[in-house]
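Hello,

Here is the structure I promised to hand over. Please open it first, then read my notes below.

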Amino acid sequence: MRRPEHRPEVKAPPRWIFPEPARWWLDNGLQILALHRPGQYIAAVSLVLDTPLSSEPSDIEGVATITQRCLDEGTATHPGPTFAERLEDIGALLSGSAGYAASDLLLEVPASRLSEALLLLAQAISEPELRASDVERHQSLRLAEIEHTMANSSNRAQVAFRQACIPGRFRASRLAGGTAATVAAIASDDVAAYHARHYRPEGATLVISGDLTNEVYHQAAAAFGGWEVQGTLGVHHQTPVSRTPHCWLIDRPGAVQADIRLGGFGIDRGDPRWADLQVATHALGGAFLSRLNRVLREEKGFTYGVHLVNSPMRDGGLLAVQSSFRTEVVPEALDLARQLLDVTGKPITTTEVLDAVNYTNGIAPLRYSTAQGVTERVSSLVGAGLSAEFVNSNALALTRVTPESATQALTELLPPDALTLVVVGDAEALREPLVAAGWPVTLKD
Amino acid sequence: MGNVASSDQLNYPIHQRTLDNGLRVVVSPDHSVPMVAVNLWYDVGSRDERPGEHGWAHLFEHLMFSGSDHVATGEHLNLLQSLGGAVNATTWFDRTNYFETLPVGALELALWMEADRLASLPSHLDETSVDTQREVVKEEKRQRYDNVPYGDAMQHLVRLVFGPDHPYGHTTIGSMVDLDAATAERAANFFRNHYRPDNAVLTLVGDVSAKEGFKRAERAFGHLPAWNRRLRPPVTSLPSLQGVPVLQVQARVPAAATWFAWRLPPRDTPDFDACELGLVALGGGQTSRLHQQLVRNLGVAAGAGASAVPLVGGNSFGLVQLRALPGADASAAIEAALTEVERLAAEGPTAAEIARAKAQYAREWLSELAALDSRADMISAYATLHSDPERVNRRLAEVEAVTLDQVAAMCAAYLQPGQRAQLDYQQEVGDAQA
């Protein structure tokens with residue numbers, strides 16, 4: 001057979017539309033969103049609570065996390081470990097996170113057991129036992145977890161970068177799960193009180209995706225219709241702003257690599273520049289041959305990978321070059337990164353815009369082909385104060401990005417002379433070279 | 001409930017064909033989204049590295065992106081990304097896989113590029129690209145293993161369980177010394193030996209019919225000759241360990257930690273499945289014996305779990321992991337865990353525990369099959385390692401058929417305390433908590 005010499009042509013992908021969810025409200029105020037994904041054996045359910053972490057009392061930050069972790073330690077109907085056994089009996093997996101803007105619980109279960117799983121989820125949020133012994137254990141486990149987080153170089157850099165970019169008066173400047181001091185101060189009454197005050201159907205959303213039948217509304221109503229709480233609660237979301245730039249060096253004696261974060265405070269999905277920034281971050285540090293990865297990995301071999309990461313919050317966000325480099329090349333790598341971030345003399349090109357848009361919109365059908373993918377996406381949008389409709393409107397907005405608008409967004413958000421830097425590594429080896437290279441680092445604990 | 005068949009009647013379509021040059025092609029149509037997963041497994045992994053070559057399979061995986069006859073350096077990944085593709089490759093003990101999931105209109109191009117690098121990669125290797133990717137891989141080693149607490153645990157464990165000269169006695173990342181010894185010429189030889197049509201499986205899952213999938217595979221790969229055909233020598237199974245080899249490591253870690261490890265039967269045999277279900281009962285989740293006893297009842301561990309690592313070459317291995325509470329040593333956790341291990345080996349699990357373990361296994365299995373890309377990877381796995389991609393539809397029934405007695409018998413045969421190896425991490429002096 002003859003060898004095909006010519007590169008095959010590519011046919012343009014069909015336009016992909018994210019399906020509109022079916023939507024209902026229960027009388028108790030709970031919103032239900034259902035998205036049918038035919039052929040999916042696993043159903044994915046998320047319960048999103050409109051409970052920003054700024055509602056935690058400041059001396060017991062982490063109470064939202066501890067509360068959530070105690071939910072599956074026993075309910076009135078299934079006390080103690082029997083609750084987790086009921087979940088595992090039907091092949092269900094319950095996980096969750098207490099995020100800065102919203103808490104969510106994620107349940108994955110074979111579609112054939114969805115109805116039972118919804119009942120168990122409803123019990124966990126409405127009638128958990130929250131025993132003192134469970135609170136104490138999760139408190140101690142959380143303290144251990146903090147030690148592990150801070151012993152990990154990359155996590156340590158992430159925590160410090162957040163703190164360096166967001167003023168301390170905002171909850172989002174600190175660990176979502178609380179610090180050692182605040183976690184240690186949590187009492188079991190605090191957990192019961194937090195649950196009673198903040199776990200309420202009004203303002204909450206239940207997202208269900210999978211191979212669903214017409215019964216899904218009735219299944220959800222049967223499980224959650226009886227969830228009632230007293231009174232109403234005003235929810236206040238903070239709107240963080242940017243700190244002035246900092247350069248921090250955090251010592252990890254003997255580390256063979258340094259983790260770096262270089263960037264600043266960013267924007268959220270509601271900002272008119274959001275699509276522009278998505279394109280710019282892909283071109284600079286998203287694609288495999290992005291400007292940063294091409295030079296720092298593929299040409300220099302300084303790193304396993306370097307990314308410009310755009311992390312939106314409900315309000316504002318973080319925008320940072322993230323990587324780790326062997327200690328001796330850190331100053332040169334940072335210098336190159338700073339030059340590459342400066343796009344004023346080398347604006348984003350038409351090809352870069354096209355590639356970024358084609359990538360982001362082209363990959364969407366894969367991302368949303370599973371129940372888990374759909375539910376996670378919709379619940380994260382709901383938690384950020386948006387709706388599922390954002391997926392389609394953002395896909396359209398991406399097609400309107402120009403090289404000029406992408407360049408402009410990046411120039412505004414990452415001014416090269418006002419970047420925040422966090423380096424976690426061997427301070428003895430790094431400090432002088434960094435200062436000599438023009439990074440006036442302060443040693444931080 | 002739901003319109004899908006119940007999970008013990010999985011019915012993903014599987015169409016197979018072998019090209020004249022030996023390339024096995026599997027097509028599994030799924031028209032739910034206009035995308036297709038292209039997944040290539042080469043039957044070469046870290047187990048095929050000889051002494052002095054540790055880390056080469058993985059280093060050379062990186063070189064597969066360094067350009068071929070009609071594709072420039074880095075272009076494979078970058079071009080397919082710019083068409084809306086998710087592209088990557090990974091190396092494991094038993095295989096190296098390359099995959100791209102993309103809009104279906106780019107399928108032909110993706111296959112053409114895969115065939116181009118299979119056909120011509122060795123003649124395009126040069127010392128510069130080997131040098132650069134060697135540095136990248138060394139950074140990967142530092143980032144993922146050397147600079148992470150407990151990051152070298154797996155390296156220690158496989159060495160303890162299999163010994164340094166066994167094919168599974170080292171991990172994919174390899175050693176700095178062996179990485180330094182790699183050259184363009186040695187890489188070219190490695191590729192000519194292992195990267196052959198008859199040593200690969202190509203799986204297509206997505207918006208493509210069987211007929212069209214085979215036609216496109218033939219058009220892209222059919223012209224390639226067969227070369228260096230060889231059969232993998234038969235593997236032998238090692239008996240269980242004796243005498244409890246122990247390694248103690250002093251390291252900069254946030255807490256003391258201990259692993260137990262056992263030699264197990266090869267993957268996807270009834271004996272292995274029975275061991276795996278036993279390990280799930282022992283430490284597979286919140287209701288497991290280790291979590292309940294060590295974390296919940298006794299409060300002697302910050303975490304306790306168990307798992308099995310399935311491997312095809314004669315043995316798999318099983319693990320228990322224990323993390324001490326901050327500032328404490330692991331002795332109380334170790335003692336309590338050994339009691340649970342001993343009890344499981346002596347009495348076996350309960351019927352309720354095994355039912356739960358099977359239910360969890362089913363959810364994990366169905367989740368793996370949910371997305372086009374991971375489903376394609378599973379199909380390639382069963383085609384490559386078991387010569388039977390249809391088994392993705394039968395696996396749940398196989399696991400379901402394992403009886404309580406089988407689990408008890410295999411726990412007694414393979415998971416005795418005296419058959420384990422043990423790895424202890426202790427906090428480096430001066431770094432420990434007061």
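Buried residues make up 58% of the 434 residues in chain B. A residue counts as buried if 20 or more other C-beta atoms, placed from the backbone, lie within 10 Å of its own.

This is a predicted model: local features need pLDDT of at least 70, side-chain atom pairs need pLDDT 80 or more, and totals for chains, interfaces and linings use all residues. Residues are numbered from 1 along each chain as its sequence is written, while chains are lettered from A and ligands numbered from 1 in the order in which they are written.

Chain B has 15 helices and eleven strands. These are DSSP runs, numbered from the N terminus: helices are H or I with at least four residues, strands are E with at least two.

Now the core. The largest nonpolar core has 283 residues. Such a core is a set of buried Ala, Val, Leu, Ile, Met, Phe, Trp, Tyr and Cys residues joined through C-beta atoms within 7 Å. Leu121(A), Val422(A), Val423(A) and Ala333(B) have the most contacts inside it. Helix 3 of chain B (residues 107-120) gives the largest share, nine residues.

Next, contacts (C-beta atoms, placed from the backbone, within 7 Å). Leaving aside neighbours within four places in sequence, Val422(A) touches several residues, including Phe161(A), Trp248(A) and Arg261(A). In chain B, among contacts between residues at least 6 apart in sequence, 79% join residues at least 24 apart.

Last, the interface. Here 69 residues of chain A are in contact with 64 residues of chain B.

Best wishes

Technical notes: A residue is buried if 20 or more other C-beta atoms lie within 10 Å of its own, exposed if 12 or fewer, and partly exposed in between; C-beta atoms are placed from the backbone. Two residues are in contact if their C-beta atoms, placed from the backbone, lie within 7 Å.
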